[in-house]
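Reader: Hi, can you walk me through this one? Keep it simple, please.
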There are 2 protein chains.
Amino acid sequence: VLSKVWSSPAEAVGDIFNGATVLFGGFAGVGVPIHLFRALARLPVNNLVGVSNHCGDGEDGLALLLKQKQIGKMITSFPDHVQSHQFRKLYAEGAIEVEMSPQGTLAERIRAGGAGVAGFYTRTGVGTAVAEGKEMRVFDGQSFLFERAIKADFALIKGSKADTLGNVVFHRSARTFNPDMAMGARCAIVEVDEIVEPGSIDPDDVHLPSIFVHRVVKAPGVVPNPTIVDLEELVSGAGGSGLGWSRAEMAKRVAAELNDGDYVNLGVGMPTLVPAFLRPGVTVFFHSENGLLGMGPFATPESVDPECINASRQAVTMLPGSSTFRHSESFAMIRGGHISVAVLGGYQVSEKGDLANWKLPNQSLGGIGGAMDLAANVGRIIVVMEHTTKTGEPRILKRCSYALTAPACVSLVVTNLAVIAVTPEGLVVREVAPGVTMDQVVQATEAHLIIP
Amino acid sequence: VLSKVWSSPAEAVGDIFNGATVLFGGFAGVGVPIHLFRALARLPVNNLVGVSNHCGDGEDGLALLLKQKQIGKMITSFPDHVQSHQFRKLYAEGAIEVEMSPQGTLAERIRAGGAGVAGFYTRTGVGTAVAEGKEMRVFDGQSFLFERAIKADFALIKGSKADTLGNVVFHRSARTFNPDMAMGARCAIVEVDEIVEPGSIDPDDVHLPSIFVHRVVKAPGVVPNPTIVDLEELVSGAGGSGLGWSRAEMAKRVAAELNDGDYVNLGVGMPTLVPAFLRPGVTVFFHSENGLLGMGPFATPESVDPECINASRQAVTMLPGSSTFRHSESFAMIRGGHISVAVLGGYQVSEKGDLANWKLPNQSLGGIGGAMDLAANVGRIIVVMEHTTKTGEPRILKRCSYALTAPACVSLVVTNLAVIAVTPEGLVVREVAPGVTMDQVVQATEAHLIIP
């Protein structure tokens with residue numbers, strides 16, 4: 001009887017070789033094949049090309065491989081996370097190479113590698129640093145960037161349950177990059193909590209068909225530890241800069257823009273407050289880039305599901321009518337224009353609606369994450385940010401001075417001082433916060449404002 | 001409370017307009033939104049661009065739209081099916097335009113349209129009629145063809161069950177193109193057997209998330225009527241040309257080439273007999289392009305599941321450890337090189353391993369189906385065919401005279417006379433059928449044969 005079950009993580013990763021390209025599954029601590037990482041860390045293997053959305057957290061898992069200098073290059077969307085200090089240290093020393101890829105582009109490149117597609121054209125990254133050295137091409141009047149497939153030697157992924165033939169199911173947001181990565185590797189190694197006999201999983205319920213899986217290892221799961229958030233506390237703790245709207249009031253103003261039936265993606269930071277202020281009778285569906293649609297309120301310590309997090313690693317609940325899916329499908333929703341509205345934080349917005357929100361001038365790498373995919377592809381982008389920097393510099397500029405996320409993408413800007421629409425004629429002030437004068441808004445803005 | 005439920009098929013399709021591009025779901029009579037087709041056939045709408053793998057069966061559904069001349073152009077992989085007589089009549093009259101797209105390319109083009117990908121490079125179709133007028137490009141030493149996304153106005157699809165928010169699940173091979181098509185349309189209209197309340201479907205079990213679905217209609221299903229096949233009867237009825245191996249013996253010879261653990265795709269015709277002859281102790285996994293992996297024996301009248309068919313419309317069973325998936329994923333398995341072996345019928349094979357098997361000289365259109373995707377991308381292609389045509393013309397030629405499926409793709413040819421391997425040095429005779437002389441093989445072959 002055929003079986004893909006291997007006896008231990010050490011055995012399953014034993015032939016990973018120097019210089020191999022390895023896809024590392026998981027996202028924000030969920031769906032991470034921690035035992036496979038640890039087994040690989042015990043091998044004298046180095047110069048690996050690692051592909052992972054993040055670049056490791058703390059000291060375990062991918063961070064351990066980085067600490068031991070086993071990885072020569074990372075292909076990643078979000079290297080500059082505060083918890084990726086092992087990676088940041090290596091990068092500062094010049095001891096590791098980095099290729100930045102927007103999150104959706106990364107997922108699609110991995111899927112393409114697995115699907116026999118050599119490369120594809122996406123709008124994500126057009127007009128940004130990501131486009132450097134890449135082919136641009138116009139289709140139907142819009143510019144697209146050419147992105148190559150990633151083909152890998154190995155994938156290390158984590159599933160919930162597998163049968164002995166290699167069919168895998170995932171739980172909630174632990175699906176993430178894992179199925180795409182299995183597809184994209186010549187040898188996909190899956191760590192699971194439970195191994196069952198063939199026939200235990202209904203054919204229609206398989207998330208990752210056996211053909212994409214080469215080795216299965218049972219390893220007792222390490223329970224993720226997502227952040228428990230109390231939204232009311234978050235809202236009441238959300239102050240302001242003193243002038244105009246508080247952060248909570250800005251979130252409320254954004255919430256007023258959401259319409260019944262909208263599919264909404266919320267960025268990190270202030271956008272997280274928006275669900276607290278939905279208008280009565282308005283139902284919107286919240287999308288999280290890591291593979292959730294129909295998120296409900298934050299989980300409480302009692303209702304927490306450790307494998308159900310949003311893209312900010314916060315424990316969330318799922319409402320009736322919600323769904324989960326893999327990363328490539330999540331970004332198909334974004335890239336394909338299916339998301340109605342994205343609410344994003346911003347560093348700078350230009351007169352033409354250019355957005356800069358992924359890299360500060362003092363950051364060597366920054367974190368693209370899903371920001372470029374959202375900015376370039378979602379029809380309505382609402383940016384919520386303080387009107388000026390902490391030192392009083394305007395953030396609404398003639399031209400952005402920081403690295404762009406996407407050109408001409410913003411529809412509306414909500415700041416502590418005003419609500420400003422980006423129109424073909426220019427920036428139009430739609431509303432001024434109570435206690436703020438139009439003159440104050442104009443003074444705090446570098447760009448030209450149209451005052452109706 | 002939000003609901004995407006519409007009261008009737010007529011209401012749901014009411015705004016489909018003249019000239020609209022419409023994706024038509026289903027495959028070989030399964031997963032077909034028959035009530036939506038009928039409703040559309042009652043509207044005074046014409047000049048539609050239809051996208052569908054087949055071009056209608058008999059008189060109902062898509063055939064009805066064709067009969068009424070509501071469709072001005074079809075984008076399709078398999079127009080020349082014997083049951084598509086309404087389409088064939090129109091085509092013969094010059095009353096309909098056709099764009100031929102290999103099946104996997106078609107599925108990927110639809111997915112790309114839904115995923116915001118403008119176009120992609122595939123090996124499928126390189127060196128064939130499909131490549132005419134398209135950009136070719138070399139990546140890593142291999143030629144690829146550029147294919148554009150299909151963006152549609154509407155999709156008409158069929159699901160098993162939906163909730164009122166539009167989350168859909170499918171049963172067995174009824175998934176097929178349906179989820180990809182929902183993604184690819186601005187307005188996806190789903191006909192289902194059953195509508196349930198949100199929360200009735202576990203988020204992890206949703207096959208098509210609500211964001212891709214715009215209208216849901218409950219319409220009592222029409223039960224498909226797949227072909228019931230008795231394999232033993234088929235085998236015993238499979239004669240031969242009189243010389244050398246019978247068709248059953250050829251299938252047995254092919255079966256001897258399959259190894260434990262192989263993932264195998266079987267073409268129509270003689271390849272269908274192969275499972276009857278698997279060597280004892282050898283387990284292989286049969287893949288069907290319409291979204292099944294791990295097919296078991298043909299279904300009996302007692303065990304038949306009307307929504308579980310192979311690509312030849314034959315009722316099949318699913319073994320323990322099997323899985324189902326959408327068309328784009330099925331062809332990711334093929335295009336990505338995950339299928340170990342494909343056994344295909346053939347019209348002609350050349351000295352260099354070129355294969356012609358989709359169009360006879362007397363056919364105006366032919367049927368590409370999945371043949372080009374398989375031939376161009378599967379590592380080991382075994383062709384099983386009679387050594388000569390019925391009139392005694394050789395089929396193994398210096399160069400194929402029929403339209404190519406893919407150049408230099410064949411590994412092994414099994415005919416009634418011999419087993420011939422395609423090697424870098426040329427065609428090598430590996431085995432001659434009992435009662436056949438080497439001289440007879442050479443006489444019946446135009447190509448040069450190396451006799452070891």
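This is a predicted model: local features need pLDDT of at least 70, side-chain atom pairs count only at pLDDT 80 or more; totals for chains, interfaces and linings use all residues.

Reader: How many residues does the contact take from chain A and chain B?
Author: Chain A gives 62 residues and chain B gives 62 residues. Contact means heavy atoms within 4.5 Å.

Reader: How many salt bridges across the interface?
Author: There are 12 between chain A and chain B. A salt bridge puts a side-chain nitrogen of Lys or Arg within 4 Å of a carboxyl oxygen of Asp or Glu. One of them joins A:Asp140 and B:Arg148, at 3.3 Å from N to O.

Reader: And strands? Which residue is the bridge partner of A:Phe120 in β5(B)?
Author: B:Phe120. Strand β5 of chain A and β5 (residues 117–122) of chain B run antiparallel, joined by 3 bridges. Strands here are DSSP runs (E, at least two residues), numbered from the N terminus, and helices are runs of H or I, at least four. Two strands pair if DSSP finds at least two bridges between them.

Reader: New topic. Which residues are buried in helix α8 of chain A?
Author: A:Ala248, A:Met250, A:Ala251, A:Arg253, A:Val254 and A:Ala255. Buried means under 20% relative accessible area (1.4 Å probe, protein chains only).

Reader: What do the buried residues of α8(A) pack against?
Author: Several elements of chain A, including α7 (231–236), β16 (341–345) and β23 (426–432).

Conventions. Residues are numbered from 1 along each chain as its sequence is written. Chains are lettered from A and ligands numbered from 1 in the order in which they are written. Side-chain values use heavy atoms; hydrogens and water are left out. Buried means under 20% relative accessible area, exposed over 50%, partly exposed in between (1.4 Å probe, protein chains only).
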